[in-house]
Amino acid sequence: METGKRAREAHALSPHRLTEDDVYLFGEGTHVRLYQKLGAHLTSEQGKDGVLFTVWAPNAEEVHVIGDFNAWKPGKHRLTPHGSSGVWEGFVPGASAGAKYKYHLRPRGTRTWLDKADPFATHAETPAATASIVWDLDYAWRDDGWMAGRRAKNALGAPISIYEVHLGSWMRDPAHPTTYRNLASRLADYVEKLGFTHVEFLPIMEHPFYGSWGYQVTGYFAPTSRYGTPQDFMSLIDLLHERGIGVILDWVPSHFPKDDVALSRFDGTHLYEHADPRQGLHPDWDSLIFNYGRSEVPAFLMSSALFWLDKYHIDGLRVDAVASMLYLDYSRREGEWIPNRYGGRENLEAIDFLRRLNQAVYLNYPDVQTMAEESTAWPMVSRPTYAGGLGFGMKWDMGWMHDMLLYMSKDPVHRRFHHNLLTFRLLYAFHENFILSLSHDEVVHGKGSLIGRMPGDEWQKFANLRLLYGYMYGQPGKKLLFMGDEFGQWSEWDHERGLDWRALEGELHRKLQRWVADLNGLLQVEGALHDRDFAPAGFEWIDCSDSDASVISFLRCGAADDDQVVIVANFTPVPRAGYRIGVPHRGFWHELLNSDADVYGGSGSGNLGGVEAEPIPFHGQPFSVSLTLPPLAIAFFGRTRRPPRGISSEASR
């Protein structure tokens, strides 16, 4: 009889209650869905509806949950420890969705009380308010078609061009508040019109300081409430998916802010962060560094990553500041860091965490991608963990970005002395699965806008920028462009204002925008421009040595033997007639795109639709063509003309 009673009582408890298996996996650091058990869960126990609160605070002597359901008075709902796990839990009957709450706890051996937001909260008050909010994440998704087919859209051989967006400053309209739902259709329409395949959001996880752009996260399981509810954010993702657009989130497992209400000294001890400032204080951002050597911390972070994939149908995670995680001496002088157990500078615990993170993501979601923002020469970032790599799917090519912006800022008359900046990338281009990024980091902190950094008069600035974008799309690797750059916003990005959409009243801005749309269109229909982005067989120099003329030419090759595109770029304002280059096949080579076409704001110089290859061997190729090279321009040639939707019929004239 007693055994049956205990079984009935256990059955009456919430399924969100911790089990001994949960405790074991949490302590081992291998639990990747802690959000199912920790946090606040709407549930029923003993026939009563309410909320189960569960929090990890091993150094706490007492833990209470306070909220508007108990007039914020401690003592009414005291949590009890779950054995020796360090986890506290308690059921509050009558508490409901929308209730605001915090944990009120006293660290062991003290008389001090701390009020803390829930590390696993799925919704929170809008900053500067700091309470967590009980929330139900139920949502009727409409993106079954996208989810069923997204593996092909996210594949390494897929055409991927990413539009990077800061939601709060993309499009501000006094008549329409900046909310997830108000932005959804406008953003989807715009991205679809321009032909980007994915949107990448700067971190939308809850953050107290708006000026951090989301990179100082306090809510690793909550989209910021500045723009609406979790369901509002889901509806934005849902609509993008319905339009065939993937969604990537910036995710920040490298550091977190010192705010007293959040993770910092959560239970009166350095629970999530290192205690020693030589390990736990980030010198660049004055923030705290996660202690990856404490088993529960990687479990917390991996659970956050899986949460966004599970609950929000996210298609990729771009992991921020990976370099700062890999090196113990990152931004530190001699004596300001602690070597690893072998005396080296590598952060062994962080390396292990990143590998386990990627293993967990790809095991559960082989149809998504993880992407590393990693700025050093650390080897095998985007190689499988079983081969010794970190396991990311892709890595940002920070070196290409630096070299190209330095090169493009030069007066064209001096570019012949810096030709190696154009060509150096191909020495390492296939060491990683690279994303070529012109991101938000390139248009802040006094760097100015991209268009403003181009040399020459107004016409030349736009020609140079079209040339830069064309060269990016011609190079092997996936593409990323920050909002506003696609139409040449003159001012530096300011998170406190919307983009300068009025610039599109100017003809050159509209035509630059059209150039970006047509580049995206060509990328999607020409397999040569994406099939082998990460394979040496996808690229071949035709001539990379003509530094005197600042001209380069190369071949992109697709999976099919005859799927080839020839790309020729002239980085000077001098038109060149009768410029001969070698090509691999006879026949007519169509001019697929030409950045100097009038529809893009160019001078209208070109090759009248294409050229016929002649049986004159050149550049080691059996045939050659004689071209007219427009000034400050790039042209794409293919043997088959496949104009996609959105590409102007005049684009190659």
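## Strand β16 and its partners

Gly316 of this predicted model stands opposite Gln369 in β17, and 4 bridges join β16 to strand β17 (residues 369-372), the two running parallel. Strands are DSSP runs of E with at least two residues, numbered from the N terminus, and two of them pair if DSSP finds at least two bridges between them. Strand β13 (residues 246-251) is likewise parallel to β16 and joined to it by 4 bridges, with Trp251 opposite Val319.

In a regular strand, side chains alternate between the two faces of the sheet.

## Confidence and numbering

The mean pLDDT, the predictor's confidence in each residue from 0 to 100, is 95, and 96% of the residues score at least 70. Residues 1-10 stay under 50 and have 1 contact beyond four places in sequence, a contact being heavy atoms within 4.5 Å.

Residues are numbered from 1 along each chain as its sequence is written. Local features need pLDDT of at least 70, side-chain atom pairs count only at pLDDT 80 or more, totals for chains, interfaces and linings use all residues, and side-chain values use heavy atoms, leaving out hydrogens and water.

## Cysteines

The whole structure contains 0 disulfides, a disulfide being a pair of cysteine sulfur atoms within 2.5 Å. The sulfur of Cys544 lies 15 Å from that of Cys557, its closest cysteine sulfur, which is too far for a bond. Cys544 is partly exposed at 30% relative accessibility, whereas Cys557 is buried at 10%.

Terms used
Buried < 20%, exposed > 50% of the residue type's maximum accessible area, 1.4 Å probe, protein only.
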